[in-house]
Amino acid sequence: MASVRTRFAPSPTGYLHVGGARTALFNWLHARHTGGCFILRIEDTDQVRSTEPSVQAIFDALRWLEIDWDEGPFFQSQRLDIYNAHIDRLVAEGHAYHCTCTPEQIEAMREKARATGDKPRYDGTCREKGLSAGPGSVVRFKAPATGTTVVEDVVKGNIVFANEELDDFVLRRSDGMPTYNFAAVVDDVTMRIDTIIRGDDHVMNTPKQILIYNALSHPLPVFAHVPMVLGNDRTRMSKRHGATSVTAYRDMGLLPDAFINFLARMGWSYGDQEFFTRAELIEKFTLDRVGKSAGIFDPVKLGALNADHIKATSPQALTRHLLPFMQAQGIAAQDDAFLHGVIATLQARSKTLDEMARQAHFYYAEPVALDEAAAQKFLTAEALELLRALAERLSALGSFGEKDLEAVFLEVMEAFKIKLGKIAQPLRVALTGTTVSPGIFEIMVVLGKDRVLARLERAMAYIEKR
RNA sequence: GGUCCCAUCGUCUAACGGUUAGGACACUGGCCUCUCACGCCAGUAACAGGGGUUCGAAUCCCCUUGGGAUCACCA
């Protein structure tokens, strides 16, 4: 059996949205899982709405998601000869015909039908006229008036449509461009696509497409219509549901692996498992585990999953994703041991990369900005002698590991008969400027002896001055 | 309105005729503790309704209700 060939075929009429990303992901996962081929095709036959920036936005989003394609990108606008050749063939074989009815006439037909309670549909005026191509004419498909067309869908099961529901739909517009249903089928046929995975808002198109496959005497592909992604009000996601653009999630500080994990788990499941690495997704994804009901996009769960991925990713691997956020914070961080240390202390406390960069601020701030209230409360005369005792012993230290530090703290705690908390908070304020931070020992190790001592000195000077 | 699809905790979902209906997010307690997190433990919470089929139904069938999608010379 030939290997699987899937495709993602977005129309470039805006940024890549969440639903589109999931469609792309499922196609990609299925191809990767089966060792098949994933093809990218840009459906830009709508000359009015398609834009070049949209094309770039789609590439940009796919690149971020690390969804790569094996063939393409193909542009429908560059394949007109292919569509026209198929049009000629269908007309020659009697499956399609030229039609000179004007949009006004069509509208009149619809009005009339609506008035009498019939379906608004093309009445077949030109169907048997044997017209040839002329200015302003379109090509229509000669649809069967009776019988049924059944869609055998791997996720939905069989769906039966009565052919009388269909009319002689347009295959080629008067401007010479093919319509979606026609171009999609011709492309899928010529690109040898054998598995079509797409949103279930396409099921109503499928019988028309099947009819075209039949007219072309081409075997049908496997259809898999995956359920929709809805907003929190259960309607199709749109801007009023918050961010719908994939890159908006990148800009919020999501990890691409967390995002695809989340997307995959909406509509697809693998027992009780929630967390998947990219490799696991590829290994475990199969179409038969795709569910049939629509799901609501839950940004809170996405955030939780992102936190899990941040925790599970090595500081080294996190770095390239984090750097842009550090830059945005005005932090000139390098991909080095210091940064990796910083990241390690922040992983358990960051839900997004943006948060992480903000929390990393104090490590790089020289001098560190003291929070007014925190300094008021903890950098007191009482704390001064503790900090001084600590500084003295710290400066005498040869190695600056957590064990060495703990020993010093125990000494000080013993000498002053105090608990760790008594010294930790003033020290925390001295080192970070605030009362909230990673563990005090972790911070010190990452900062290193010199920075720690310098910050202690500055805090002590601050106390003496107040 | 026509056509089509869908229906388990608030949300994402598991269950493939027999379970105290499981997990995750969120929420609420508690533990851990140098702050904040993390982690751990515990708890609240669902089979839309009604008929069948069956010894037995969340699972199969029908109806109702609810939700969604789609009805172009857009894709």
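By class, the surface near RNA strand B holds 20 nonpolar, 17 polar and 20 charged residues. Here Ala, Val, Leu, Ile, Met, Phe, Trp, Tyr, Cys and Pro count as nonpolar, Asp, Glu, Lys and Arg as charged, and the others, Gly among them, as polar. This is a predicted model, in which local features need pLDDT of at least 70 and side-chain atom pairs count only at pLDDT 80 or more, while totals for chains, interfaces and linings use all residues. Residues are numbered from 1 along each chain as its sequence is written, chains are lettered from A and ligands numbered from 1 in the order in which they are written, and side-chain values use heavy atoms, with hydrogens and water left out.

In total, 57 residues surround RNA strand B, and the closest are Arg173, Arg236, Glu274, Arg428 and Ser437. A residue is near a strand or molecule if one of its heavy atoms lies within 4 Å of it. Of the RNA strand B atoms that come within 4 Å of the protein, sugar and phosphate account for 70%. The bases are also approached. A polar side-chain atom of Arg428 lies 2.4 Å from a base oxygen of RNA strand B, and an N or O atom in the side chain of Lys301 is 2.9 Å from a base nitrogen. For Pro438 it is a backbone N or O atom that lies 3.4 Å from a base oxygen of RNA strand B. The elements that give two or more residues to this surface are H4, strand E7 (157–162), strand E12 (295–296), helix H10 (299–312), helix H17 (420–432) and helix H18 (440–447). Helices (H or I, at least four residues) and strands (E, at least two) are DSSP runs, numbered from the N terminus. H17 provides the largest share of the surface near RNA strand B, with five residues.

Helix H4 (residues 103–115) contains Glu107. The side chains of Glu107 and Arg114 are joined by a polar contact of 3.3 Å. Such a contact is a pair of N or O atoms within 3.5 Å; within protein, one must be able to donate a hydrogen and the other to accept it, and residues adjacent in sequence count only if both atoms are side-chain atoms. Glu107 is partly exposed because its relative accessible area is 34%, where buried means under 20%, exposed over 50% and partly exposed in between (1.4 Å probe, protein chains only).

The strands can be followed from E4. Strand E4 (residues 96–99) runs antiparallel to E5 and is joined to E5 by four bridges; two strands pair if DSSP finds at least two bridges between them. Cys99 has Val138 as its bridge partner in E5. E5 also pairs with strand E8 (residues 170–172), in the antiparallel sense over two bridges, and Arg140 stands opposite Val170 in E8. In a regular strand the side chains alternate between the two faces of the sheet. In strand E5 (residues 138–141), Val138 and Arg140 point one way and Val139 and Phe141 the other way, and all are buried.

Strand E6 (residues 148–153) pairs with E7 in the antiparallel sense over six bridges, and a hairpin of three residues joins E6 to E7. Val150 has Val160 as its bridge partner in E7. The loop between E7 and E8 holds Asn163, which counts as buried because its relative accessibility is 4%. The side chain of Asn163 reaches the backbone oxygen of Thr146 at 2.8 Å.

Two nonpolar cores are listed here, a nonpolar core being a set of buried Ala, Val, Leu, Ile, Met, Phe, Trp, Tyr and Cys residues joined through side-chain atoms within 4.5 Å. The largest has 56 residues, and those with the most contacts inside it are Leu322, Tyr363, Leu394, Leu427, Met444 and Leu456. A second, separate core of 46 residues includes Phe8, Leu29, Phe38 and Leu65.

Some backbone geometry remains. Most residues other than glycine have a negative phi, and most peptide bonds are trans. The peptide bond from Gly72 to Pro73 is cis, with omega near 5°, and Pro73 lies in strand E3 (residues 71–75). The bond from Glu366 to Pro367 is also cis, with omega near 0°. Arg234, although not a glycine, has a positive phi of about 70°; Arg234 counts as exposed because its relative accessibility is 62%.
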